[in-house]
Structures are given as structure tokens and as C-alpha cells.
Amino acid sequence: MPISIRAELDGDFSLLSGQLKQVLGLAVRAGVDAAATGMKTDFVQALDAAGISPLVGRMIGTRTFPAAGRGSLTAAASVFGNGPAAQRILDNLAEGVVIVPKRGKYLAIPTQFNRKGGRRGGGVLVSPQQMLATRQAFTIKAAHGAGSLIWCLKVNAAQRRRGSAQRIVTLAFAGGTIAVGGGRHQRVGKLLAAGFVPMFVLTPAARVRHVLDGEGAAAKWSQAIPDLIDAALPNDI
């Protein structure tokens, strides 16, 4: 990433009339644009199948040249990450890399308990700095992963009145401040019985899996461009 695709048409178009060239140029531009959109859709679907947050898919952008409303027999398009940070993330997913911490001994990877909306949700509820500040954090050895630890917070119960009937609901709080389970969740009892909730996995290194096939996608959609151009041509051409 970024990945470029372009129309490669065979033939001499110098004898075509200006109007016909314009019509064909618009169709070429539309076909290339459709190919870029298709490539982006393939990437988003690959990320979704790998269980990666939808936020990453939203980082992918497309750009087609020339601009909309103008045609060209040599139209081209690019699929890329929206900004340097997004580009690095997508590059890592396309190449597959091993990430090691720049500072300290471990990478802190949040668990589903420590993400807004669960595993596929937004940012973390508790940062590593907040974990330390609670004075209720501790580590246990991970069952899998050599040298990895599970960073946990102690869990305690609290009651809150909720709803029009002011019914009392039992909640589970991690570190005394973060609600990690409500009265309707079966996991509340399990969390309270365990006495802790895993908030981060601490690991010496993390391998980013190869998820995006940039070369394969470019080849697939480049081959599709002639058909996409044909579909974009007016019926009377």
C-alpha cells in the first residue's frame, strides 16, 4: 500500500472523433474507479473476516485520476491509507510483521473487557497508566504464549438503582471505578467469584498476521477493468 491500478488499452485511438474519445474516456475513468472501489471492498471484507476492528477498514481511501466528470483513456486509481499512521497499519497488515516494544519489556494489548463495545469496539476503557494508578492491578502468567502475562484488576460488587421502577441492579466494577458487567450479564457472578478481570495481555512481542494481499488484489482488479469499462459504456456505442 498504496496500490495503483490503471487502464491499459490496446489499439490506436487517434482516428476517433473528439466526441467518441470523450465518451470512451469517461467509460475508462468509470471502469478504473469501479476497480479501485472493488479493491477497497475486498480489503474491508478481508479485515472483517480476520476479526479486525471496522475502524481499520475506514482508514482505507481511494483516489481516481482524472477527477470526477473528466474522462481519460489512461485513467488510473490508487488505494491507500488515509494518513501516515493508517498507512503504517495497513502496510503491517499487508506484509505481516513482528512488533516489539520501544520502551519497557512488554506490549500491552487490551482484552475484550477493556474495550468500548467489546472485542470489535473503540478505544480502551483503562490505560496502562490508569492501571498503575488504581493500585489494584496485578499480573498472572498466561496459559499460552511464552513470557506473556495477563494484567488484571481486582473486581468488587456495587449496587445501583436503575430504571423507572428504581430496581436495584448488581454491577461488577474493576479497580473500583470501571463497570465491567451489569445485572443482565451472566458473567457478573463469574467475575465476582474470580475476584479479578483481565484487562491487558502483556507480551514481549506480537506478530501481525498477513491479512491483506495487495499484489493479488491489484492483479484481480486490473484484469477486471476491460469488463468494467464495457459496463460503463452507453448502450448505443
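Three strands come together in an open sheet, in the order 1-3-2 and with antiparallel pairing (strands are DSSP runs of E of at least two residues and helices runs of H or I of at least four residues, both numbered from the N terminus; two strands pair if DSSP finds at least two bridges between them). Strand 1 (3-6) and strand 2 stand at the edges with a single partner strand each, so one side of each is left without a neighbour in the sheet. From one strand to the next, the twist averages 15° (axes are lines fitted to C-alpha atoms, for helices over the stretch in contact, and angles run from 0 to 180 degrees between N-to-C directions). Strand 1 and strand 3 (residues 76-81) run antiparallel and are joined by four bridges; here I3 stands opposite V79 of strand 3. Helix 1 (residues 18-49) lies across strand 1, strand 2 and strand 3, at about 170° to strand 2, with contact meaning heavy atoms within 4.5 Å.

The model is a predicted one, in which local features need pLDDT of at least 70 and side-chain atom pairs count only at pLDDT 80 or more, while totals for chains, interfaces and linings use all residues. Residues are numbered from 1 along each chain as its sequence is written, and side-chain values use heavy atoms, with hydrogens and water left out. The protein chain averages a pLDDT of 83, and 83% of the residues score at least 70 (pLDDT is the predictor's confidence in each residue, from 0 to 100). Confidence is highest in strand 2 (residues 60-65), at a mean of 96, and lowest in strand 9 (residues 178-181), at 68.

Two backbone details are worth a look. The peptide bond from F65 to P66 is cis, with omega near 0°, and P66 is found in the loop between strand 2 and strand 3. R135, in the loop between helix 4 (128-134) and strand 6 (137-141), has a positive phi, near 60°, although this residue is not a glycine.
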